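Please consider each task before reading its solution.

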There are 2 protein chains.
Amino acid sequence: MTAAAASGDGARPRPARRPTMKDIARRAGVSESAVSFALNDRPGVSSDTRERVRRVAEELGWQANSAARALSGERSGCAGLVLARPAHTLGVESFFLQLVSGIQEALSARRVALLFQVVEDLDTELAVLRRWWAERRVDGVLVVDPRTEDPRPGLLASLGLPAVVIGGLEADRHHAETPLPVSNVWADDAGAMASVLDHLYSLGHRRIAHVAGMRGLAHTERRIVSLRAEAARRGLTEDEVRSVATDYSDAEGAEATRRILDGPARTRPTAIVYDNDVMAVAGASVAAGRGVSVPAELSVVAWDDSALCRVTHPRLTALVRDTPGFGRLAAQELLAALDGAPVRSVQGELPHLEPRESTGPPPGE
Amino acid sequence: MTAAAASGDGARPRPARRPTMKDIARRAGVSESAVSFALNDRPGVSSDTRERVRRVAEELGWQANSAARALSGERSGCAGLVLARPAHTLGVESFFLQLVSGIQEALSARRVALLFQVVEDLDTELAVLRRWWAERRVDGVLVVDPRTEDPRPGLLASLGLPAVVIGGLEADRHHAETPLPVSNVWADDAGAMASVLDHLYSLGHRRIAHVAGMRGLAHTERRIVSLRAEAARRGLTEDEVRSVATDYSDAEGAEATRRILDGPARTRPTAIVYDNDVMAVAGASVAAGRGVSVPAELSVVAWDDSALCRVTHPRLTALVRDTPGFGRLAAQELLAALDGAPVRSVQGELPHLEPRESTGPPPGE
DNA sequence: TTGTAGGCGTTATCAT
DNA sequence: ATGATAACGCCTACAA
């Protein structure tokens with residue numbers, strides 16, 4: 001951060017004055033309340049007046065002052081989203097931005113803005129949520145990266161702040177005695193894992209490793225459990241099919257791969273399932289670096305597709321899901337909650353496996 | 001989007017009531033204005049009262065209602081950022097999220113929230129900016145992806161909405177007769193391009209291709225111009241060194257690479273500089289697919305480093321910059337502008353080239 | 001159908 | 001040093 005070349009005259013232009021309802025009322029020759037009624041599509045004003053008021057508002061370029069509107073008991077018109085991730089794991093991840101783009105699509109259709117904050121850890125996130133609530137900054141929030149023991153739903157429920165957890169627990173994990181604290185949209189990780197195992201098993205793979213994400217994240221645990229269940233269903237043992245946890249970074253994905261490939265050849269996995277695209281690419285790269293050919297000697301599957309999976313050689317077989325669609329669904333659920341819909345759990349689209357060149361029969365098959 | 005398993009009792013818990021200054025005043029036995037003075041560090045209240053008020057506020061967990069504060073002439077406490085990009089180019093890009101994380105670091109230190117919106121195109125972005133202004137939703141905005149003919153600075157200046165353009169024109173492109181409409185933080189693309197060319201030229205490369213980003217973006221044009229200038233300085237002709245524009249996607253990066261490699265071997269470039277990491281990886285992958293060895297037959301440089309460049313084989317030589325730092329700088333500049341600092345242009349850190357295995361001497365050297 | 005008055009929670013301007 | 005009181009712009013009874 002070096003030189004600072006001054007420029008411009010420093011004299012900030014006088015801000016254009018924003019018109020208020022009073023201006024409209026004066027100009028249209030009616031009272032302020034008539035303006036309010038007209039502009040909010042409420043009964044109690046002649047269609048003639050309504051039309052005139054609307055025209056004047058249009059001419060003046062009037063927009064409701066969000067602060068005034070929020071103050072008088074209305075909504076703030078903002079939804080909140082906090083992303084708690086250490087900076088170094090923010091790296092390459094298409095997932096999040098895609099999710100947000102879907103969220104925005106649904107929110108902006110209803111003119112709801114998104115307040116977005118990146119923080120370092122969960123405690124800070126909780127503090128931000130509390131503050132947003134206390135400041136009345138947001139009408140509701142979207143919660144991402146749910147954990148198995150997650151303090152957020154409880155907090156939000158106790159604050160009475162409408163919320164939707166993205167990727168939380170499946171409905172069937174909840175029983176009557178423990179009602180959902182907040183709404184939830186979820187992906188069928190178990191079903192997805194089954195399709196991955198179907199693919200690998202039918203190719204002939206029997207020893208499969210799963211390079212999972214962060215321990216404690218709900219979907220990580222879910223995938224680990226699902227993998228074990230699917231393996232058991234096919235008569236595979238825990239020696240043959242196992243998961244290792246990482247922090248989702250390329251570095252840990254690579255390291256996990258090294259350790260897996262370092263094992264004795266006889267018991268070494270013939271396929272690896274990675275919990276995100278970055279780790280999958282990193283893993284494939286480690287294999288290439290060691291002369292382990294993909295897919296001849298090792299099959300690779302990425303959970304979540306992205307450009308990444310299609311620009312590598314070979315292109316990676318991936319579990320494709322409609323991430324923007326998932327975000328859209330979550331945002332719609334939040335909007336519904338704001339409109340008073342009951343707390344509920346909604347299922348997103350089932351991901352499907354897109355076979356590419358990185359998976360094939362295991363060696364000797 | 002399938003089943004919707006209802007759960008929970010639907011009865012939303014009664015929202016906890018947020019304490020107001022009135023509550024504090026009552027409880028501390030003072031007037032509301034005393035509370036306001038005490039809480040805002042203003043003179044006109046005894047240190048004794050101030051202390052008591054503070055304690056009560058703390059006990060009650062009071063936080064200023066942002067709407068009320070904004071309404072009474074204060075700031076809204078929000079900065080805005082609109083990202084205008086077609087959904088399909090949102091893909092894998094570490095740059096943006098990193099930038100945002102830096103921005104947040106600076107903003108949240110001053111308790112300023114970030115209002116974030118993704119839209120499809122520039123016109124929609126202009127509409128959003130106008131609306132935010134009209135609704136008094138934001139105190140200022142950050143502008144990304146500046147263009148050569150950019151309507152945003154002019155609009156913002158005319159609205160009197162403080163703004164900082166991220167990656168706009170260098171100060172020296174501006175002359176006294178055309179003062180900057182809004183503040184600007186910029187990266188020295190010319191200097192960076194010079195270091196890239198130094199590297200490649202000294203390795204012996206004479207035919208160099210530049211797979212650039214989108215036409216019309218300020219930094220794209222700047223890099224194209226810089227490349228030509230740097231080439232000319234070294235006596236290279238426009239036949240030898242040329243740029244092709246893309247939309248930044250892996251698809252167009254790959255396509256551009258194919259066309260480059262399709263040229264006659266004698267005049268084919270021996271090095272390619274890509275304007276982002278995704279295209280660089282895609283390009284390297286195309287080369288690998290054609291049996292063109294990197295770096296023996298083709299050197300590859302990525303503009304912007306990321307995990308991506310380090311997980312490929314070979315790892316990609318990249319132009320590293322402190323993207324979060326750049327975001328931090330921009331946000332600080334915006335905060336300064338909100339405090340009344342004059343419009344100015346600030347330079348960010350000079351990127352540096354990190355040589356890795358994807359660059360080497362050209363064939364026959 | 002229309003206008004008037006009061007409130008939302010804060011800040012700021014007056015008196016006291 | 002303190003306490004009324006009036007803005008800020010919108011919404012909403014209630015009265016005309």
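**Exercise 1.** Which strands of chain B does helix H8 (residues 189–203) of chain B lie across?

Solution. This is a predicted model, in which local features need pLDDT of at least 70, side-chain atom pairs count only at pLDDT 80 or more, and totals for chains, interfaces and linings use all residues. Residues are numbered from 1 along each chain as written, chains are lettered from A and ligands numbered from 1 in written order, and side-chain values use heavy atoms, without hydrogens and water.

Helices (H or I, at least four residues) and strands (E, at least two) are DSSP runs numbered from the N terminus. Helix H8 of chain B lies across E7, E9 (271–274), E10 (299–303), E11 (317–320) and E13, contact meaning heavy atoms within 4.5 Å. Helix H8 runs at about 165° to E10(B), where axes are lines fitted to C-alpha atoms, for helices over the stretch in contact, and angles run from 0 to 180 degrees between N-to-C directions.

**Exercise 2.** State the strand order of the open sheet in chain B and identify its edges.

Solution. Two strands pair if DSSP finds at least two bridges between them. The order of the six strands is E8-E7-E9-E10-E11-E13, with mixed pairing. Strands E8 (241–244) and E13 (352–354) of chain B are the edges, because each has a single partner strand. From one strand to the next, the twist averages 20°.

**Exercise 3.** Describe how E7 (residues 208–211) of chain B joins E8(B).

Solution. The two strands run parallel and are joined by four bridges. B:His210 has B:Ser243 in E8(B) as its bridge partner.
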